[in-house]
Amino acid sequence: MMIYIIKKENLREFYRGEIYLLSQIYNTDDIEELNNKILKYIVFPIKKIERADGLTVSQTEEIYIIEDRLEKHIDEALKLYRLDSININGPSIIRVKSPLFAVVDTPLYTKGENIEKDIAEFYVSNVILHEMGHYIVNKNRWDDDEFSASALQYIMYIDMHDLLKYPETYKIVKENIIECKKYVRTFAFLGYFMVIGDLPQNLPNAINELRGGAPYELGGCYANIIIDRNKNINIKNVIEEVKRLSPLDAIREIILYEPKR
Ligand SMILES: [Zn+2]
């Protein structure tokens with residue numbers, strides 16, 4: 001597997017390279033067929049995932065990071081945190097919002113020396129882990145796929161940085177699960193108003209805010225349940241579990257789950 005970084009001005013080159021690779025993989029020069037493949041595997045996903053800073057093309061075993069989006073989002077994230085207001089002495093766990101998750105927080109270990117750098121690294125690492133999640137699971141339906149990639153992203157980050165040894169992590173996980181339960185409740189409200197045919201006036205705004213985000217948020221939420229449920233994380237088991245589950249299954253699990261610790 002290869003990870004590449006592309007810039008907007010290189011998109012043309014990038015598409016040409018992909019056409020070439022796909023022509024090798026599918027052993028065809030039929031430009032119409034290749035065009036269809038590039039639309040299906042590359043153009044539509046890039047358009048659809050405007051929330052994401054990366055793209056996985058499993059057919060060519062490549063992960064692309066879209067640099068302009070990534071930079072823009074890191075800048076936004078840094079502004080959001082108003083770093084001068086984070087006041088810590090020495091090594092700490094702080095809670096941050098990862099690129100795709102508005103509902104759950106992620107613990108971030110920082111030595112407290114350069115928080116700006118730590119947050120930027122956190123951001124990039126999460127973008128890459130999310131794309132690796134796609135690479136590992138690779139489901140057909142886009143929402144299924146985003147759900148699994150997001151769950152794996154969250155868990156791989158925690159596991160890779162050995163964050164389960166800090167009690168703060170469990171505190172964050174527990175609070176995340178409470179937020180997740182509130183979040184899935186909004187689905188029930190929306191569904192209820194829809195079936196009684198009486199949508200409240202302010203509902204279109206609420207729907208707009210939720211639109212497109214659910215598979216990511218549910219992935220992040222379900223990851224927190226996996227962490228809360230298990231003493232130790234075994235990534236192989238997590239992958240199997242996430243593969244079996246759909247975002248709809250996750251909604252039910254989140255509604256029924258009661259945090260342990
Ligand atoms: Zn994704």
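Guide: Two strands are said to pair if DSSP finds at least two bridges between them. In this predicted model, S2 and S3 meet that criterion with 4 bridges, and their pairing is antiparallel. In general, the strands of a sheet pair through backbone hydrogen bonds, in either a parallel or an antiparallel sense.

The pair belongs to an open sheet of 3 strands, ordered S1-S3-S2, in which the pairing is mixed. S2 and strand S1 (2–6) stand at the edges with a single partner strand each, so one side of each has no neighbour in the sheet. From one strand to the next, the twist averages 20 degrees.

Helices pack against this sheet. Helix H3, residues 67–81, touches S1 and S3, and its direction makes about 50 degrees with that of S3. Helix H4, residues 115–137, lies across S1, S2 and S3 and runs at about 25 degrees to S2.

The division of the chain places these elements in a wider setting. Domain 1 covers 1–69 and domain 2 covers 86–256. Their C-alpha centres are 26 Å apart, and the contact between them involves 11 residues of domain 1 and 12 residues of domain 2. On the side of domain 1 that touches domain 2, the elements giving two or more residues are strand S2 (54–57) and strand S3 (62–66). By class, the residues of that side comprise 5 nonpolar, 3 polar and 3 charged.

Two packed helices are described by the angle between their axes and the distance between the axes. For helix H6 (residues 167–196) and helix H10 (residues 247–256), the angle is about 125 degrees and the axes are 9 Å apart. H6 and H10 are therefore oblique to each other, and H6 passes H10 in a left-handed crossing. H6 contributes Cys180, Lys181, Val184 and Phe187 to the contact, while H10 contributes Ile251, Ile254 and Ile255. Sorted by class, this contact of H6 with H10 has 6 nonpolar residues, no polar residues and 1 charged residue.

Technical notes. Residues are numbered from 1 along each chain as its sequence is written. This is a predicted model: local features need pLDDT of at least 70, side-chain atom pairs count only at pLDDT 80 or more; totals for chains, interfaces and linings use all residues. Axes are lines fitted to C-alpha atoms, for helices over the stretch in contact, and angles run from 0 to 180 degrees between N-to-C directions. Angles under 35 degrees count as roughly parallel, over 145 as roughly antiparallel, 65 to 115 as roughly perpendicular and the rest as oblique. A crossing is left-handed if the near helix is turned anticlockwise from the far one by less than a right angle, and right-handed if clockwise. Two residues are in contact if their C-beta atoms, placed from the backbone, lie within 7 Å. Ala, Val, Leu, Ile, Met, Phe, Trp, Tyr, Cys and Pro count as nonpolar, Asp, Glu, Lys and Arg as charged, and the others, Gly among them, as polar. Domain bounds come from an automatic or database domain assignment.
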